[in-house]
Amino acid sequence: MSDFEHASVVLCPAGPMLLRGKHEILDADGKVHRTVRPVSAVCMCGRSAIKPWCDGTHRLLSAGARDDEPTG
Amino acid sequence: MLPKSRGTLSAAVFTALQSGATADLVPAPESEEDAQVTLWALYELHYRGFDEVDPDLEWDPDLLRLRRGLERSFETELRRRWDASPLREAGELTDLIDGHDGPSLARFVQRKADREQVLEILRHRSLYHLKEADPTSWVVPRLDTRVKAPLMEILFDEYGDGDPNRLHHHLFRRGLEAAGLRTDHACYVDEAPVEVLALNNALSLFGLHRRLRGAALGHFAAFEATSSIPSRQLAQGLRRLEFPDEMAAYYDEHVEADSVHEQVALRDVCGAFLEENPSERDTVHLGAFTCLDLEARYAHAMLTQWGVS
């Protein structure tokens, strides 16, 4: 029986980067953030209020982008 | 303690639960509220039970027959709402979740709610938050490997990653205590409006029936995917009203945790489940819709009660 696909780093389309396992992230200000969960989500849109972690803000950005699309 | 009865059926059932004489109960509720509070108490036998009820009654055949009757009516109503929804046309689960539009209690708390209104919401929410994720845990043994592992990945986080101090029930209990509220299990059930009882009962219905495991997963994914941003709004509202930091911290935790859980629940849990069980699509979507619809009904009821919608 073959094993299941199980990446430890996952890039979610229009969303965060998932990190499985223990990691230390050095942010732009030189501060280290340690993961505390089995999986952590790292902000990739740059707009999170709790960087380096994702806070779901990308959903508002993509919703806004959709609203701007011509509907007719 | 058993809840207060809300009609003839719940009165008869709660008396029978204390005496053990369960043989002659007939599932004929006099109202939706009577049905929901009865169902809630019968489900509670499978969680923590009640001090005054013999634990052996959890598997009493007469109570199970009665529960089954109430569940059938409830499930029929949930399916009727789903059949009538334009969201039936949604292609993907994410389309359904993004396409749902309902009133937001979190936005109201963030900007306008007063302290009493927020305390009322917290008392209502305590019914679920003090057993958060427990109904979904019923589903675990009913899943195959590829779906079971990512669901456990999320549930482990809900349960504090092995640290009781980070377990979500505990975080909420600390928040309640700091806010001057009671913290014992289900202590505010008598204040819960019928919409809150229905929210809790839908979780137990989906969680306890293997046949509805897809609905439990869909419900879970929809809940997680609509949690981060409202949690931030709730935390902001709590800080605006100068609630103790322990209460806002519960919602801070959900901003961060549910950003992760959303991705895993949609992709690795529901995505994998649907790949392996394509015929379950409608059941998964029923679960997701039911989560969003019952939340919207609760929000609508509260905003109407307060005269803001």
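Helix 8 of chain B is followed by Gly160(B), whose phi is positive, near 85 degrees; helices (H or I, at least four residues) and strands (E, at least two) are DSSP runs, numbered from the N terminus. The model is predicted, so that local features need pLDDT of at least 70 and side-chain atom pairs count only at pLDDT 80 or more, whereas totals for chains, interfaces and linings use all residues. Residues are numbered from 1 along each chain as its sequence is written, chains are lettered from A and ligands numbered from 1 in the order in which they are written, and side-chain values use heavy atoms, with hydrogens and water left out.

A positive phi, near 55 degrees, is also found for Asp161(B), a residue other than glycine. Asp161(B) is placed in the loop between helix 8 and helix 9 of chain B. With a relative accessible area of 16%, Asp161(B) is buried, a term that stands for under 20% relative accessible area, with exposed for over 50% and partly exposed for values in between (1.4 Å probe, protein chains only).

Helix 8 of chain B itself covers residues 145-158, and its 14 residues should span 20 Å at 1.5 Å a residue; the end C-alpha atoms are 20 Å apart, which agrees. The expected span is 1.5 Å times one less than the number of residues. Its buried residues include Val147(B), Leu151(B), Ile154(B) and Leu155(B), as well as the acidic Glu153(B), Asp157(B) and Glu158(B). In chain A, the buried residues of this helix pack against strand 2 (17-20) and strand 5 (39-42). Within chain B, they pack against helix 7 (134-137), helix 9 (168-178), helix 11 (213-225) and helix 13 (245-276).

Chain A has one helix and five strands, in the order β-β-β-β-β-α from the N terminus. Of its 72 residues, 33% are buried. The accessible surface of chain A is about 4900 Å², and carbon and sulfur atoms account for 54% of that surface; areas come from the Shrake-Rupley method with a 1.4 Å probe, and for residues only the protein chains shown count as cover. Two backbone features occur in loops of this chain. Phi of Ala14(A) is positive, near 55 degrees, and Ala14(A) lies between strand 1 (9-11) and strand 2. Ala14(A) is exposed, at 66% relative accessibility. A cis peptide bond, with omega of about 15 degrees, joins Lys51(A) and Pro52(A); Pro52(A) belongs to the loop between strand 5 and helix 1 (57-68).

Chain B is divided into domain 1 (8-82) and domain 2 (90-305), with bounds from an automatic or database domain assignment. Their C-alpha centres lie 24 Å apart. Contact (heavy atoms within 4.5 Å) involves 20 residues of domain 1 and 32 residues of domain 2.

Rings of Phe, Tyr and Trp (its six-membered ring) pair if their centres lie within 6.5 Å, with planes under 30 degrees apart counted as stacked, over 60 as edge-to-face and the rest as tilted. Phe108(B) and Trp306(B) have ring centres 5.7 Å apart and planes at 20 degrees, so the pair is stacked. Phe108(B) lies in helix 5 (residues 105-111) and Trp306(B) in the segment after helix 14 (281-305), so the pair ties together parts of chain B that are 198 residues apart in sequence. Phe108(B) is buried at 10% relative accessible area, as is Trp306(B) at 17%. Ring pairs also link Phe172(B), Tyr250(B) and Tyr251(B) into a cluster.
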